[in-house]
Amino acid sequence: MTYAPDAKNQGVLPEGTTGIAEGAFSLIPEPFEKLYIPATVKTMKFQLQRANVFCEAEVSPDNTSFMAIDGSIFTAAGKTLVYAKVSEDGYIVPDNTEIISKGSLAAVSGTVCIPASITKIEDEYGLGREITAIRTPKGSYAEQYAKENNIPFVAIERPT
């Protein structure tokens with residue numbers, strides 16, 4: 001899919017859609033309340049999308065490539081955050097997540113809590129322009145990332 005039309009059933013990708021192109025949602029006038037991703041979607045690229053293209057996601061339970069956790073999109077194994085749902089109150093990256101993919105926090109503002117399990121943050125632009133701080137265990141990869149990117153850091157004693 002290269003373009004999501006502004007239709008009556010907005011936010012529902014048709015069965016048979018196999019991929020979501022980087023600019024697929026760039027022309028929609030208003031954010032979708034929810035994006036439904038069918039079982040057939042195997043690839044998606046959200047980086048460099050305008051923020052807030054959809055408020056939360058639902059992924060078909062039959063999809064073998066992706067899954068939704070509390071309205072956010074992860075790879076099927078739950079190890080990579082693909083897209084975090086819209087939030088003005090920060091975001092808590094779930095435990096056992098290992099990678100924060102490029103652009104996945106574009107719709108988040110506030111403080112992001114990052115667990116010690118994170119080993120990679122794929123984003124040369126920082127986590128997002130609206131991220132005000134990172135909360136993470138002292139000595140974690142996320143602490144190092146925060147310091148290298150001049151993002152305020154708050155140490156926590158236990159994993160998030």
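Visitor: Why is Y141 called partly exposed?
Guide: This is a predicted model, and in it Y141 has a relative accessible area of 28%. Buried means under 20% and exposed means over 50%, so a value in between is called partly exposed.

Visitor: What makes Y145 buried?
Guide: The relative accessible area of Y145 is 5%. The cut-off for buried is under 20%, so the label applies.

Visitor: How do you know that Y141 and Y145 form an aromatic pair, and why is it called tilted?
Guide: Their ring centres are 6.5 Å apart, and rings pair if their centres lie within 6.5 Å. The planes make 35 degrees. Stacked needs under 30 degrees and edge-to-face over 60, so the pair counts as tilted. The structure holds one aromatic pair.

Visitor: What separates Y141 and Y145 along helix α1?
Guide: About one helical turn, because they are four residues apart in that helix.

Visitor: How do you know that β8 and β10 pair?
Guide: Two bridges link β8 with β10, residues 110–113, in the parallel sense. On β10, C113 is the bridge partner of I92.

Visitor: Which strands form the open sheet, and in what order?
Guide: Four strands, in the order β8-β10-β12-β13, with parallel pairing.

Visitor: What makes β8 and β13 edge strands?
Guide: β8 (91–92) and β13 (153–156) each have a single partner strand, so one side of each has no neighbour in the sheet. Helix α1, residues 141–148, packs on the sheet and touches β12 and β13.

Terms used: Residues numbered from 1 in each chain as written. Predicted model: local features only at pLDDT ≥ 70, side-chain atom pairs only at ≥ 80, totals over all residues. Heavy atoms only, no water. Pairing = 2+ DSSP bridges. Contact = heavy atoms within 4.5 Å. Axes fitted to C-alpha atoms, helices over the stretch in contact; angles between N-to-C directions. Phe/Tyr/Trp six-rings, centres within 6.5 Å; stacked < 30°, edge-to-face > 60°. Buried < 20%, exposed > 50% of the residue type's maximum accessible area, 1.4 Å probe, protein only.
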